[in-house]
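Here's a quick briefing to read alongside the model. Have the sequence and the 3D view open as you go.

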Amino acid sequence: MDYKKLNHITIKDNFPLPNMKQTIQRLGEGYRYFTKLDLKSGFWQIPIREEDKIKTAFVTPFGLFQFNVLPQGLKNSPPTFQRVMSTALESCRQFCQVYLDDIVVFSKSYDQHLVHMKKVFECLKENNLQLNPSKCSIAHSNIDYLGYTITEKTITPLNDKINAILKLSEPRTLKQANKFIGAIAWYLKFIKKFAEVAAPIHAVTNLTKANRQKFRWTKDQSAAFYELKKMLTTAPLLLNFPDDSRPIILSTDASDYGIGGVLQQEINGETHNLYYHSQLINKAEKNYKTIEKEALAIWKCFERMRSYILGRNIIIYTDHCPLCHMMEKKVNNKRVERIALLLQEYNIEQVIHIKGRYNSLPDFMSRHPIPEKEEIMDFAYGLEVSQDRPPVLGMVGVTTRSKSKLETSTNQRSIPVYPSTSTVKDALQKFVPHFDITRLKEEQGKDQKIRDKIEEVCANPIKHPYVFQDGILYKLATRNRGATKSKLIYLPSSMIAPALRAYHDHPTAGHFSSKRTYYKMKFQYWWPDMYHSTEDYIKACLPCQQHNHNRKKRPGHLKPIPPPHGPFQVIGIDFCGPFSRTPNENRYVLCITDHFTRWVIAVALPDCKAERTAETIYNEYICKYGVPTTILSDQGNHFKNQLMDAMAILLGHHHIYSTTYHPQTNGMIERFNATFVPQLAKLQDTESNNWDSFLPSMVFAYNTGQHNTTGYSPFQLQYGQKPKLPPDEPPKQVIFAKPNDYYQQLKKNLKIYHEYARRNMVRQKERSKQRYDAKRPDPHYSVGQLVLTRYYGSKSKFDQKYSKVPCRVIDCQHPVYWVKDIETQAESRVHVNDLRLVLEAKQH
C-alpha cells in the first residue's frame with residue numbers, strides 16, 4: 001500500500017527503541033539459559049482503533065477496503081509495536097527484554113527459567129499475541145541476538161557485519177590494487193598511520209604507464225592489505241553499537257553483478273562505520289535496469305541491517321540521482337516503486353545524491369561481492385490457522401530438484417519420522433552378504449532342498465538331470481537341441497540374493513536390464529525359476545526405478561472433461577510468456593477459452609501478478625459475458641492466491657486447479673497457446689517487439705475459423721451467424737416483420753449449432769480417448785502402497801528421475817492420488833502419470 005502522503009502528514013511517534021548496547025550488556029550478566037521468542041507477523045496482531053481505520057483504506061477492483069490491524073508501511077508502525085510489546089511484558093522486565101518482535105527471556109537456573117517462561121506466556125496470552133514456533137529457540141545455553149553470540153561467560157560479536165571486508169581477496173593485478181587503495185582512501189583522515197600502513201601498496205601502484213609491467217604483489221603488500229582490512233573492521237573506525245542521538249547514514253552502490261553498502265555515523269566530525277554488506281545478484285537481477293539495481297542495493301542493505309536501522313532516523317547516499325525523490329513522489333518504474341513501498345516503515349529523512357568518487361567503498365564492494373544463499377524477498381505475512389489435516393488441493397504433486405535438495409538438507413538437521421511397521425526402504429537397504437563362491441559347498445549343505453536332491457541323485461544318478469561331484473551339486477543343461485551338455489552350479493537359496501547383487505548392483509555390473517543380467521549368469525549357475533526371480537529382483541531395484549527410462553507409454557487412461565451444455569459455463573485460463581518487451585511494456589498474454597464455443601480472449605499484459613490477473617478476468621470476461629460456472633487453471637501463483645479465492649466467493653463461481661505438472665487437464669487452453677505463438681511470430685516486424693499490435697487480429701482470425709472438434713467457428717457458436725470477413729461480399733439482406741422474429745430465428749440457429757457442436761465434441765472426445773488409451777497401462781494403486789514420484793526440472797542427465805524416498809498412498813481418486821513422504825510426512829497430490837510403484841524383491 002502506498003502510504004507516502006499519509007506518512008508525510010503523520011506526527012512522528014518518538015517512543016524509543018531499547019538501547020542496543022545496554023540490551024547486550026544486560027544479557028551478559030552471567031545468565032545460563034536463554035529463550036528467544038518471535039511473533040508471527042507481529043504488526044498484524046495489533047488492532048487499529050475504529051476511527052483510524054479509514055486512514056488505511058485502499059482501492060481494489062472489487063471495492064474499497066481498509067485495514068483492521070496495523071499494516072506494514074506506516075511511519076509509526078515500529079514505535080507503536082514497540083510500545084505495545086513493552087507494555088504487554090512490563091511485569092516481566094526483570095527477566096525479559098523486547099526489541100520489536102524479538103523477545104528474549106534469560107535466567108540463571110533451569111527451574112527459574114521455567115517460571116519465567118510461564119509468566120511471559122501468560123502475559124502474551126492475556127494480550128492475544130501469537131508466536132511463530134518455527135522461529136522460537138527454547139532454553140538454550142547460547143543465543144545469537146542483535147549481531148552477538150551471548151553465553152553465560154562471553155559476549156562475542158558475529159562476523160555478519162564485517163564479512164564483506166573479511167572475505168575480500170587479495171589484489172593480483174595493478175588495476176585491482178589501485179581500486180582497493182582508492183576505495184579506502186576516503187578513510188585516510190580517520191585512520192591513524194594510514195599512509196604508513198598503505199605505503200607498500202602505494203609503492204607498487206604509483207607507476208607510470210611505461211612501468212606498469214613492473215607491478216609485483218609480494219609479502220609486504222599482502223601484509224599491508226590484511227592490516228588495512230583489520231583497521232576497517234576494528235575500533236576506532238568500526239563502532240560496536242550505534243549512537244541513538246545521531247542519524248544513521250547508509251551509502252549504497254550497484255554494479256552489473258553485485259551490490260554493496262556501508263552503514264555509517266558521523267560523530268564529532270569523524271565518520272565511523274557500523275556495518276559492511278555486499279552480495280552477488282542473481283541471473284534475473286542482472287537483467288534489471290540501472291535504476292532498479294540501485295534501488296535493489298538499498299532494499300537488500302535495509303533488510304540485512306534491519307536491527308541497526310529500524311526506528312532510527314536514516315539518510316541514504318546514492319550515486320544515482322533519479323532515486324533522490326523515490327520516497328516522496330511516484331517513480332515511473334514498477335520495481336523501484338515496489339521497493340519504495342517496502343521502505344515506508346523506516347524513518348528515511350533524505351535520499352541524497354553524491355558523486356561516484358565520494359562513494360568509493362560501496363562501489364568497490366559491489367564489484368567484489370560476497371556470494372549469498374538466501375531469499376531476502378521472502379515474506380511471511382498472515383497468521384497460521386491450525387487444521388486437523390492440511391488441505392492438499394493445489395499442493396506440489398511431484399518433487400522438483402531444488403525442493404529435493406531443500407528437503408534433504410532439512411532432513412539432515414532433524415530426526416526423520418518413520419512408520420512403525422517395516423517399510424520397503426528397510427527391505428531394500430537390508431544387509432545382503434557378499435557373494436563368495438568358495439562357500440558354495442557349505443551353503444549347499446545347509447539348504448534342505450539341495451540335500452534332498454543330492455540323496456535322490458546318489459540313489460539313482462541316471463534318472464535325474466543333476467550331477468553330484470566333488471561334494472557339489474550341478475544341474476545338467478542341454479544346449480543346441482541336446483547336442484551339448486554343460487554343468488551349471490546349483491545355487492542354494494542363501495546365495496541367490498548375493499549373486500544377483502554381484503551381477504547387477506556392483507559397479508562392474510552396471511545395473512543393466514534383467515535379460516543382460518540373466519545371460520551373464522545362465523552359463524554358470526542355475527536355480528529354480530531363475531529368469532523370473534532375476535526379473536523380479538531388478539524390477540525391485542530402487543536405483544533402477546529412480547533412473548531408468550520407461551519405453552512404454554506413460555500410465556493412466558484419458559479422463560476427458562464432459563463438454564458443457566452451452567457457452568459461458570466453463571472457461572480455461574492460462575498465461576503465455578514472457579515474450580520480448582513491447583513499447584507498451586507488455587510481456588505476457590492472458591488467454592481465456594470457453595470450453596463449449598472455443599471462443600478465445602487474449603489480452604496482452606506487462607506482468608502476470610495476481611492483482612492484474614483478477615482485474616483482467618473481471619474487466620475482459622465477466623463484465624462482457626457474465627460470471628461462468630467454473631474456471632479451470634493451473635496452480636501458478638497468479639491464479640492460486642487469496643485474491644482469486646475472494647473473487648470466486650464474491651462472484652459465485654467455482655475455481656478448480658489442474659494437477660501439478662499435468663497440463664493435459666487444461667489442454668484446450670494449452671493447445672491454443674501452442675497455436676497462436678507461431679502465428680504472432682509470422683506477423684510481427686523484424687524488431688520482434690510489436691507482437692501485441694497483431695494480437696487482436698490473430699485472435700479474430702482464430703475465432704472466425706472453423707474448429708475441427710465442433711465443426712463450427714467459435715464466432716458461429718457465440719453469435720448464431722457466420723462472420724463477415726474483409727474479402728467477403730456484403731451479406732444478403734433478410735427482413736423480419738417483427739423484431740421478435742429475429743430473436744426467434746437466432747434461437748433456432750443457436751439451438752441447431754449447439755446441438756450439432758456438442759454431438760461433434762462428444763464424438764471427438766471418444767475418438768481421442770480410444771487413440772490415447774490404446775496399449776497404455778492404467779495402474780490403480782490402493783491406500784498404503786509405496787510409490788515413487790517423478791522429479792521435474794532436472795539439471796543434469798545424471799539426476800534421478802524419481803524421488804529418493806518412497807511415498808505412501810493415503811487417498812485415491814483415480815487418476816489422482818494423495819501421497820505422503822515417509823520421512824518428511826509432507827503430503828502432495830500426484831497424477832498417476834507421475835507415479836511408479838515400489839516393488840519388493842521376493843525372498844528365496
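This is a predicted model: local features need pLDDT of at least 70, side-chain atom pairs count only at pLDDT 80 or more; totals for chains, interfaces and linings use all residues.

A residue counts as buried under 20% relative accessible area, as exposed over 50%, and as partly exposed in between, using a 1.4 Å probe and protein chains only. Residues are numbered from 1 along each chain as its sequence is written, and side-chain values use heavy atoms, leaving out hydrogens and water.

- As background, most residues other than glycine have a negative phi, and most peptide bonds are trans.
- R598 is not a glycine, yet its phi is positive, at about 70°.
- You'll find R598 in the loop between β21 and β22; helices (H or I, at least four residues) and strands (E, at least two) are DSSP runs, numbered from the N terminus.
- Q825 also isn't a glycine and has a positive phi, of about 65°; Q825 sits in the loop between β28 and β29 (827-831) and is partly exposed, with a relative accessible area of 32%.
- G577 and P578 are joined by a cis peptide bond with omega about 5°, and P578 belongs to the loop between β20 (570-576) and β21.
- H814 and P815 are joined by a cis peptide bond too, with omega about 15°; P815 is in the loop between β27 (807-813) and β28 (816-821).

**The β21-β22 hairpin**

- β21 (residues 588-594) and β22 pair antiparallel over 6 bridges; strands count as paired if DSSP finds at least two bridges between them.
- The hairpin has 5 residues between its strands, and T593 has V600 in β22 as its bridge partner.
- In β22 (residues 600-605), 6 of the 6 residues are buried, so the strand is largely enclosed by the rest of the structure.
- V600, A602 and A604 point one way from β22, while I601, V603 and L605 point the other way.

**A five-stranded sheet**

- An open sheet with mixed pairing has 5 strands in the order β12-β11-β10-β13-β14.
- β12 (270-280) and β14 (347-353) are the edges: each has a single partner strand, so one side of each is left without a neighbour in the sheet.
- β10 (residues 248-254) and β11 (residues 258-267) run antiparallel and share 6 bridges, with L250 partnered by L263 in β11.

**The β23-β24 region**

- β23 (residues 630-633) runs parallel to β24, joined by 4 bridges, and I631 stands opposite H655 in β24.

**Aromatic rings**

- The whole structure has 27 aromatic pairs; rings of Phe, Tyr and Trp (its six-membered ring) pair if their centres lie within 6.5 Å, and planes under 30 degrees apart count as stacked, over 60 as edge-to-face and the rest as tilted.
- F672 and Y702 have ring centres 4.9 Å apart and planes at 70°, so they make an edge-to-face pair.
- F672 is in helix α23 (residues 667-683) and Y702 in helix α24 (residues 691-703), so the pair ties together parts 30 residues apart in sequence.
- F672 counts as buried at 1% relative accessibility, whereas Y702 counts as partly exposed at 23%.
- One aromatic cluster is formed by F180, W217, F225, Y226 and F364.
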